[in-house]
Amino acid sequence: MTESNRRTAALLTVLLTGQAMASMDTSIAAVAAPAIRADLAGPPAVQQLVLAGYTLTFAVLVVVGARLGARHGSPRVFLLGLAGFTLASLACGLAPGPVALVLARVAQGAAGALMVPQVLSLIQSAVPAAARARAIGAYSMVLALGVAAGQVLGGLLVTLDLGGLTWRVAFLVNVPVGVVLQLAGRRVLAGLPADPPRREPLDLPGAFLLAAAMLTVVLPLVLGGDLGWPGWVRAAVAAAGAVGLRLFLGYESRRARRDAAPLLDVAVLRHPGVPAGLLACCVVMGCYAGFLFVLTLRLQDGLGFTALAAGLAFLPYASGFALCGLAVARLPERARAVLPVAGPPVLAAVVVALAGLATAGWPWPAGSVLLVAGGAAHAAAFSPLVTRLTAVVPAGAAAALSAAVSTGTLLAAVLGVTLVGGLHLALGAAGRHGPALTLPPALLTAGLLLAGAVAARRATRPAPDTRPVPSGTGVVGSRP
């Protein structure tokens, strides 16, 4: 291995481990929730904020984190976010009561919002072009499978009850990992070329507008049901948040035209294929989140699996994703362009097949085979698209692209759980059983995935050749 390859491997290890810590923390807390409720007293709303506080804070601040990375340097902001995440994890593990735990979870979300956007930015700017496709494949795998891995790890740690700490060890495990990463990161990231200083002021009006819009979108979807809001109220508030996001994009466009350093460089959305590619990525991640949520409920509530057993049952999916994700980087460009279009229909077929087979019990070994195929289809649909997006966007727009991917996939995951998971819960509350319970959410997921395939087809079309044609070569705009 050459010195350059060793540096790249060390850099990716630090970045992707930090990404994994942030990705897994939502599901680790969800698995530990029963033990937390048994140990800490508190009203139901506060207990729910233990789970939702992290997601809400992350969603509100992730674009600000990306902008701070572009302004102060991604390496510095990544290490700052990592340090904050480690300290917040320690505070979670030592929390004496539910309110203290909620505040620590909010701090975790804020630190994650600083750290996570820098990962894709640093991959695009610091990883050599020859190794970038494989690096993005590994990044996609961590981003997509972090939630499932968190289920397994959280269930294992809570079950083992190390040192009698029960749920606390699920948070404290981040502390030694974070300390080691901080030491390694200072050495690895110190060798990267420094970004040119940007002294423009932070777009505070844009930050407040975005925070209000994101909070208005995510709050009713994450907490509305637990707070007893009627469905129409949740839909109306979320729609108002969507309008707020549209106002934010318009404000940022006007600010960019005035050359006033916008919080989010919306010009990144004008590159060929980027809007459709982001939409396809979000659809796939949203459907995956909804599918994972419904499958977990089915295994635990319907078939009597423990949280740990349900997480382990999902390992074939992770294996299929990992195998396909690592193989994608070795395929020729023409094959990689086809995969994002072919992957969603295959994943749709897997979801429907599993829904049909798992009505009475878990179909061994057919269920595991289907999950391997589903994971491979997910990787085929997601990883090449992220690679393509980073290829068409210049390095200067890496922070904006990272913010768009992080925010979009997070919102999509929340919407996927709300739509697909909400349908499953509503059917269960209505007393539905068997195919009447499992097939409607699967068919909704399949329909969304087919729409994602259409978006992926638009994203992978070759960009039109807009180069000027010298005089005498024929029609203007045609290829020579």
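Predicted model: local features only at pLDDT ≥ 70, side-chain atom pairs only at ≥ 80, totals over all residues.
Buried here means under 20% relative accessible area, exposed means over 50%, and partly exposed is anything in between.

- Leu419 itself belongs to helix α15.

**Helix α13**
- Helix α13 covers residues 333-357, and its end C-alpha atoms are 36 Å apart; that agrees with expectation, because 25 residues at 1.5 Å a residue should span 36 Å.
- There is a bend of about 35 degrees in α13 at Leu339, and a proline, Pro340, follows within four residues.
- Both Leu339 and Pro340 are on the buried list for this helix, along with others including Arg336, Gly343, Pro344, Leu347 and Ala348.
- Further along α13, Val350, Val351, Leu354 and Ala355 are buried too.
- As a reminder on helices, an α-helix has 3.6 residues a turn, so residues three or four places apart point the same way.
- The cover over the buried residues of α13 includes α10 (274-302), α12 (315-328), α14 (366-392) and α16.

**Salt bridges**
- Side chains of opposite charge can pair when their charged atoms come close.
- Counting a Lys or Arg side-chain nitrogen within 4 Å of an Asp or Glu carboxyl oxygen, the model has four salt bridges.
- Asp25 pairs with Arg105, and their closest N and O atoms are 2.9 Å apart.
- Asp25 sits in helix α1 (residues 3-39) and Arg105 in helix α4 (residues 98-126), so this bridge ties together parts that are 80 residues apart in sequence.
- Asp25 and Arg105 are both buried.
- Another bridge joins Arg168 and Asp39, with 3.7 Å between the closest N and O atoms.
- This pair also links distant parts of the chain, 129 residues apart: Arg168 is in helix α6 (residues 168-172) and Asp39 is in helix α1.
- Arg168 counts as buried because its relative accessible area is 17%, while Asp39 is partly exposed at 42%.
- Asp203 and Arg255 meet in a salt bridge as well, at 3.4 Å from N to O.
- Asp203 lies in the loop between α7 (174-190) and α8 (204-223), and Arg255 lies in helix α9 (residues 231-257), so the pair ties together parts 52 residues apart in sequence.
- Asp203 is buried, with a relative accessible area of 1%, and Arg255 is buried at 11%.

**Pro262 and its neighbours**
- Pro262 is found in the loop between α9 and α10.
- With a relative accessibility of 13%, Pro262 counts as buried.
- Leaving out residues up to four places away in sequence, Pro262 touches Arg67, Asp203, Glu252, Arg255 and Ala256.
- Two of those contacts, Asp203 and Arg255, are the partners in the 3.4 Å salt bridge.
- Pro262 and Leu249 are 13 residues apart along the chain, and their C-alpha atoms are separated by 9.9 Å.

Notes: Residues numbered from 1 in each chain as written. Heavy atoms only, no water. Helix = DSSP H or I, 4+ residues; strand = E, 2+ residues; numbered from the N terminus. Expected span 1.5 Å × (residues − 1). Bend = angle between axes of the 7 residues up to and from the residue. Buried < 20%, exposed > 50% of the residue type's maximum accessible area, 1.4 Å probe, protein only. Contact = heavy atoms within 4.5 Å.
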